[in-house]
Amino acid sequence: MKCYLCGKTFFERRYIQTLFKVKVVFRCKSCEKKYPAYVTEQAIPKNSGLIYITSLFKEENNFNLLAYNQEIKKWFLKTINSMNKDDTIIWVDEVSDVLIPYLDLIDNDIYLLSKTLKYFS
Ligand SMILES: [Zn+2]
């Protein structure tokens, strides 16, 4: 496989127990240690419900998000299992101050995945 962060080719070690299991990974072991995701969760109250914001990184970067497919998959599975059927899922690169008032117009809870962390006070 080719690492989506450094571009190097790498191989996943396989054993007889994992020989026929497919694990899709786009980040080599070196980049996994060097550039870990810093998953942060915040809950912000709004008119009707809460906005649950999950961020993948502390700082702005140009990482290919396909390299973090495991973290994103984990978030989606956790969110889908915990949300109600009328809640909303939104995925944006950055949570801006312009976006928040529009989110306030949506009924029910909102689960928002963003690339970079933004603190709200
Ligand atoms: Zn790499």
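Which residues make up the largest nonpolar core?

## The main core

The answer is I51, I53, W75, V95, I110, Y111, L112 and L113, eight residues in all. Here a nonpolar core is a set of buried Ala, Val, Leu, Ile, Met, Phe, Trp, Tyr and Cys residues joined through C-beta atoms within 7 Å, and buried means that 20 or more other C-beta atoms, placed from the backbone, lie within 10 Å of a residue's own. β2 and β4 are the elements that give two or more residues to this core, and β4 gives the most, with four.

A second, separate core has five residues, including L5, A37, A67 and Y68.

## About the model

This is a predicted model, in which local features need pLDDT of at least 70 and side-chain atom pairs count only at pLDDT 80 or more, while totals for chains, interfaces and linings use all residues. Residues are numbered from 1 along each chain as its sequence is written.

## Strand pairing

Let's turn to the strands (DSSP E runs of at least two residues, numbered from the N terminus). Pairing requires at least two DSSP bridges between two strands. β1 (residues 40–46) runs antiparallel to β2 (residues 49–57) over seven bridges, with a hairpin of two residues joining them. I44 faces I51 across this pair.

β2 also pairs with β4 (residues 110–116), this time in the parallel sense over six bridges. There, I53 stands opposite L112.

## Two domains

The domain assignment, automatic or from a database, gives domain 1 (1–35) and domain 2 (37–116). Their C-alpha centres lie 26 Å apart.

How values were computed:
Buried ≥ 20, exposed ≤ 12 C-beta atoms within 10 Å, placed from the backbone.
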